[in-house]
Amino acid sequence: TLSPEQIQTTMNKEFSKLTGCLREEAARNPTVKKINLEFIVKGNGTVSSVRLNGQTSTPGASCIFAKMQSINFPECKTCSKTVAAFSFTLGK
């Protein structure tokens with residue numbers, strides 16, 4: 001599987017792609033202060049699924065999934081998938 005460092009480095013570099021979705025999610029749910037992303041990275045480095053705060057079929061999860069499909073994680077030729085998580089707190 002990809003290492004936590006590989007996931008963290010890629011997410012830090014590509015995080016700006018998610019900011020529009022996060023602003024929309026904060027507007028929809030003003031009481032939500034923490035975002036938990038769980039996602040699967042296939043061996044070729046593409047994202048195949050995303051859960052936002054445990055949900056897959058919300059507008060926020062759909063937006064994040066669409067944006068994350070444009071993020072390229074490192075390839076892992078010896079693994080079929082990596083289950084990863086990324087969490088952060090929303091600021092004002």
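A salt bridge here is a side-chain nitrogen of Lys or Arg within 4 Å of a carboxyl oxygen of Asp or Glu. The model is predicted, with local features needing pLDDT of at least 70, side-chain atom pairs counting only at pLDDT 80 or more, and totals for chains, interfaces and linings using all residues. Numbering runs from 1 along each chain as its sequence is written, and side-chain values use heavy atoms, with hydrogens and water left out.

One of the bridges pairs arginine 51 with glutamate 38 at 2.4 Å, N to O. This pair links distant parts of the chain, 13 residues apart: arginine 51 sits in strand β2 (residues 47-52) and glutamate 38 in strand β1 (residues 34-42). Strands (E, at least two residues) and helices (H or I, at least four) are DSSP runs, numbered from the N terminus. Lysine 77 bridges to glutamate 75, with the closest N and O atoms 3.0 Å apart. Lysine 77 is exposed at 74% relative accessible area, and glutamate 75 is exposed at 52% (buried means under 20%, exposed over 50%, partly exposed in between; 1.4 Å probe, protein chains only).

As for disulfides (cysteine sulfur pairs within 2.5 Å), the structure holds two. Cysteine 21 joins cysteine 63, S to S 1.9 Å, and the link is left-handed, with -75° about the S-S bond. It ties together distant parts of the chain, from cysteine 21 in helix α2 (residues 19-28) to cysteine 63 in helix α3 (residues 59-68), 42 residues apart. The other joins cysteine 76 to cysteine 79 at 2.0 Å, and both of these cysteines are buried.
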